[in-house]
Amino acid sequence: MKQFFIAVIGTVVGSILTLFILFFGLIGLIMAMGADAEEDTGLPAGRIVLEVDLRESRLDQPSRSPFAFVESTSTVDLVRLLDRAERDNRVAGLFIRANEFGMGPAQAEEINRAIAAFRDSGRSVVVHSQGFVGTSITNYLAISSADEIWLQDTASFATSGLAGEVPFYGDALERFEVDADFIQFLEYKNAPNTYTESGFTPEHLESTLSYFGSIYDVALANSASGRNLDIEAFRSLIESSPHSAEAAAEAGLVDQLGHVAAARQAAMERAGGNVTFADIDAYRMSGVLAEAGPRIALIEGQGAIVTGPGIASPFGGDPIIGSDSMAEAISNAASTPGVRAILLRVDSPGGSSVASDQIWDAIQRAQDRGIPVVVSMGGAAASGGYYIAAPADHIVSNATTITGSIGVYGGKVSLGDTFGLVGINFEEVAVGGEFATANSANSPWTEEQRAAVEGQLADIYDDFTQRVADGREIDIETVREIARGRVWTGTQALENGLVDEIGGFMEAVAAARRLAGLEEGQTVNLQRFPRERTPFEAFQELFGVSAEGAQSLAQLNALMNSPEVQALIEARQSSGVGNELRARTAQPR
């Protein structure tokens, strides 16, 4: 028994010691990454060719995860870096690995625009693809403005258009006696159709085909322009896909056939030789984005809009926009001396109307202080995403951004009869008014409850449309005609008066510069609110450890790895407890 307790105690102590070593090792890793980010530019000396790998997934904006240092450069920062490289004498060219399967349309459009501007600065752009495997035109759109496109000769060119699928669960839910009841404002607010219908409604299909067609037309026009091809000839080539590598080269869809090594050599030669490749992430870490000049506040939000701080899990999951956090960032920017304008980057499909209205109010307060606000739309700024954009002084949207969707819906899914199929019964108990059970998942709404919910949604819809009318200075009847929950692309939104300009992030910077009263082309200091955190600060937020504490723990980690401490650990392992632990771990072998 004594040996048993000794073994148990040894196991516990050893486990704790192992956890401490792993914990301190994590701290050391994060601190080392922070030191690398702050001290080592990671750039080779002399002239460089920047490398960008579009096969990597990337967020629209940098995340605030403690592990953001391992993420690919965001779309916003990629565009900023290419713009900065145009003014950097060290940068001689750009080499890109093309995405093989497809990208978000607005992301592809924005990257295409950035590549074209970089090329117009007199620098070379070479792309290599190991096949345009996905049928979406977006992967080709992203790189079509390059000087030279290489395709591996054993690959193929399958780019042929746009396609999508919408699931409908209506019949399945009915089969299992699930009652899905939703109220929509209005007929184009089609998100609930997935749960209530067995296929497209006429309005749903009309809206979907409309924005698909708009995106496709933009992609065709931009890609054909980048390749200097007649648009109808290009359309014919795309719609007759797939093509072999040889056929794609003969048609002018690509310029050269060969492997990536040959394409890299071509990139070096086009850049004038005597160059070294440098990854775009290393270029970002070198601090080139920290430019001097008048300050413009950059506030970014991506994901669903929710009330509260909006803190997502540091270990994964989709980013979210917390109304408290964004409103506070807008307020802090507006009250910071020297901030000349606010640039708000939005990439959101919507969310809480209450949270959206809180952000709307913060924008209004900033404008009341005389600070102009410009919105740059990413892949989406729809529903609540458009709500927070509506009051801006100037809205810039990509042509393929999904926006509009001015509407609201609400509903519930009742599972009482479904549970009954397997002999489960929930008995409701409630006191107070009849509305107390309105959110119950066990029973459907009563007529009175449904009427009350419909009244609430009608009020939200009225508020939403009035906010748009006020912000865009459009009469309310016109807003009601273009609202109705309908999705528009950026191109369509410009025609409807919902946005002011077609462009990407850098066009929004130019608009902010103009509204701030600065000279055209003047270098500005884009200051993020809240500012980007160092790895130390990210670690502090994750584990509740101060930066000083993290430093001390890292020093303790170094002490644990010192020869003296390692000698003590080895001595401990030669004891009876240590032998018992090793014997136990060795048994499965």
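Which strands and helix make a right-handed β-α-β unit? The answer is β13, helix α13 (residues 353-368) and β14. The crossover is called right-handed because, with the strands pointing away from the viewer, the path from the first strand over the helix to the second runs clockwise.

## About the model

This is a predicted model, in which local features need pLDDT of at least 70 and side-chain atom pairs count only at pLDDT 80 or more, while totals for chains, interfaces and linings use all residues. Residues are numbered from 1 along each chain as its sequence is written, and side-chain values use heavy atoms, with hydrogens and water left out.

Let's begin with β13, which spans residues 339-348. Helices (H or I, at least four residues) and strands (E, at least two) are DSSP runs, numbered from the N terminus. Nine of the 10 residues of β13 are buried, so the strand is largely enclosed by the rest of the structure. Here buried means under 20% relative accessible area, exposed means over 50%, and partly exposed lies in between (1.4 Å probe, protein chains only).

Strands count as paired if DSSP finds at least two bridges between them. Strand β10 (residues 295-302) pairs with β13 in the parallel sense, over eight bridges; I299 has L344 of β13 as its bridge partner.

## A nonpolar surface patch

On the surface, F176, L421, V422, I424 and F426 form a nonpolar patch with about 510 Å² of accessible area together. Areas come from the Shrake-Rupley method with a 1.4 Å probe, and for residues only the protein chains shown count as cover. Patch members have over 30% relative accessible area and no salt bridge, and nonpolar side chains (Val, Leu, Ile, Met, Phe, Trp, Tyr) are joined within 5 Å, like charges within 9 Å. A salt bridge is a side-chain nitrogen of Lys or Arg within 4 Å of a carboxyl oxygen of Asp or Glu.

F426 sits in the loop between α15 (416-421) and α16 (447-472), and with a relative accessible area of 44% F426 is partly exposed.

## Backbone points to check

Most residues other than glycine have a negative phi, and most peptide bonds are trans. N274 has a positive phi of about 55° and is exposed, at 74% relative accessible area. S405 has a positive phi near 55°, but is buried at 9% relative accessibility.

A cis peptide bond joins F185 and L186, with omega about -5°. Another cis bond joins F529 and P530, with omega about -10°.
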